[in-house]
Amino acid sequence: MLRTSVVLLYTAVVALAGFLVMIPVTWILGDVRPMYAVAQAVVRSLLKLAGVEVEVGGADLRLLPRPCIYVANHVSNVDPPVLFGYLPRVAIMAKAAVFRIPVLGYALKLGGFIPVERERRDSRRQALEAGMDRLRQGLSLLVFPEGTRSPDGALLPFRPGPFTMAIETQVPIVPITIVGTREVMPKGRSTIRPGRAKIIIHQPVPTTGLDASGRSELIERVRSIIAAALPADAVRAH
């Protein structure tokens, strides 16, 4: 509990100070990349402070195509910061409430992140359109296709949204398997425990030439790739 309190306090202070400095820098330079790099460095330091060791394995991120859609399983609130800290620049779809946090919300908008009101169908459609716009602009996306955290670590069915975006824009999908974050912070727990998180980057799955008729097969292919790298008890029929 003490470790978590220290991390939260450090997060609030560093994030506020960092964004207050980097937002004007972004205005002056007309380039969000320096602010993004600082945010990544802060996230990595926060994870280290929390006792979370991150290991990245599999395909070489430097050699993967861009833009692409990174698609990952989701078992913990730690998943987004773990991936944000170590992937090349991405836009992430996040709860709209986060964008209403002063300073942070504005910084997320500058970074191209996309707000979603889960309970509103029109908001989800708008988010898909915004996601495709980001891809056409050359910015990769990070999406959790299960739509929510798995309560027991088992892989949930995948929603079609990210696969629709990939087919519409003809960009590849890069499957990612995350292992270990549930032990660090399982769903329903508000504190972080020290532990190891492993990010397994799989080879990209192309979508060139696919149309809507191939979406179901694409979903199954990507889900199977992610599932193959999970512990046996995290895979179930769907």
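Helix H6 (residues 161-169) and helix H8 (residues 215-228) have axes that come within 10 Å and cross at roughly 115°. Helices here are DSSP runs of H or I with at least four residues, strands are runs of E with at least two, and both are numbered from the N terminus. Axes are lines fitted to C-alpha atoms, for helices over the stretch in contact, and angles run from 0 to 180 degrees between N-to-C directions. The contact (heavy atoms within 4.5 Å) involves Phe-163, Thr-164 and Ile-167 of H6, together with Arg-215, Leu-218, Ile-219 and Val-222 of H8.

This is a predicted model, in which local features need pLDDT of at least 70 and side-chain atom pairs count only at pLDDT 80 or more, while totals for chains, interfaces and linings use all residues. Residues are numbered from 1 along each chain as its sequence is written, and side-chain values use heavy atoms, with hydrogens and water left out.

The next element is a sheet. Strands of a sheet pair through backbone hydrogen bonds, either parallel or antiparallel. In this model, seven strands form an open sheet with mixed pairing, in the order S1-S7-S6-S2-S5-S3-S4. Two strands pair if DSSP finds at least two bridges between them. Strand S1 (52-58) and strand S4 (114-116) are the edge strands, each pairing on one side only. From one strand to the next, the twist averages 25°.

S1 pairs with strand S7 (residues 195-201) in the parallel sense over seven bridges. Val-56 has Ile-199 of S7 as its bridge partner. Helix H8 also packs on the sheet, where H8 touches strand S2 (69-72) and strand S6 (173-179). The direction of H8 makes about 35° with that of S6.
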